[in-house]
Amino acid sequence: MRFAFLWRLMNERELRLQPRLQCIADCVPGGARLADVGTDHGYLPVYLLRQGRIRSAIASDINAAPLAHARRTAAAYGVTLDLRLCAGLDGIGADEADTVVIAGMGGETIVTILQNAAWDWQGVTLLLQPMTKAELLRRWLVGHGLRITAERLVRDKGTIYAVLRVEQGQSAPLTRAEAWCGAGLGQDPLYGDYARDRADKLTRAAAGLRQAKTPDDALIASLEGDAQALRETVKEWEHANGT
Ligand SMILES: C[S@@+](CC[C@H](N)C(=O)[O-])C[C@H]1O[C@@H](n2cnc3c(N)ncnc32)[C@H](O)[C@@H]1O
């Protein structure tokens, strides 16, 4: 009796996503057949199913405990998730999804997942949200027949994250500023803060490297060059936006 009451209560209240996940949810094409790789809690696919925004959802994770969490989330909100215990896209066929989300992981892990996937990405929308090393991910994508078609920024608990929309296709090599801060983000109100933050990080990293017993001068010069390129981009952005 009590369980039935609790179950009904859970089903009646809607799942609310944190801003980072909400931003990704907003980027998912309507009617998508979704694969959420590294789903953990499963909030994203469960939210999208509850909203009727997607046709189906595969939720995968490399670890059993997060997958069990996703199973509980789906049960609590009365939706069906197709759960897969696998590394990256290893257990998901390219014919099973047209939209793949890989979010909340480091840029290097996302690259490894894409590298290991036996998909040709034709007709697939990738939504990638790196927690670190976004610049490494952007450079890798562009060098491997994948095109960043759009980016969005979102602030969540004081940190700004980039969400990349990616499709199969060629694009021009990225400039330094584009690799660090994304391309086509000039209209995004968070762009100035994002680019300034990146430039500060690069300057701090270069200063840290200078303290080493045998400083790597080439790396330091490269980081400082990137920081300088970003500061110039920010100046241009501020000028264009009247700030
Ligand atoms: C921090 S959580 C992110 C959860 C969710 N995607 C989000 O953005 O909030 C990262 C999840 O990715 C899973 N993970 C890490 N490496 C993975 C891989 N190579 N393949 C599949 N899942 C992976 C972890 O087990 C963990 O549950």
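Here is a short chat about the ligand site and the helix packing in this predicted model.

Guide: Residues are numbered from 1 along each chain as its sequence is written. In this predicted model local features need pLDDT of at least 70 and side-chain atom pairs 80 or more, while totals for chains, interfaces and linings use all residues, and side-chain values use heavy atoms, with hydrogens and water left out.

Visitor: Which residues come nearest to the ligand?

Guide: Arg-20, Gly-38, Asp-61, Asn-63 and Gly-88 do, out of 18 residues around the ligand. A residue is near if one of its heavy atoms lies within 4 Å.

Visitor: How much of the ligand does the protein cover?

Guide: 79% of the 600 Å² of accessible area that the ligand has on its own, by the Shrake-Rupley method with a 1.4 Å probe.

Visitor: Which element gives the most to the shell around the ligand?

Guide: β4, with 3 residues. Elements here are DSSP runs (helices H or I, at least four residues; strands E, at least two), numbered from the N terminus.

Visitor: Why are α5 and α6 called roughly parallel?

Guide: Their axes, lines fitted to C-alpha atoms over the stretch in contact, with angles from 0 to 180 degrees between N-to-C directions, cross at roughly 25° and come within 8 Å. Angles under 35 degrees count as roughly parallel, over 145 as roughly antiparallel, 65 to 115 as roughly perpendicular and the rest as oblique, so α5 and α6 are roughly parallel.

Visitor: What makes α8 and α9 roughly antiparallel?

Guide: The axes of α8 (residues 191-210) and α9 (residues 217-241) cross at roughly 160° and come within 9 Å. That angle is over 145, so the two helices are roughly antiparallel.
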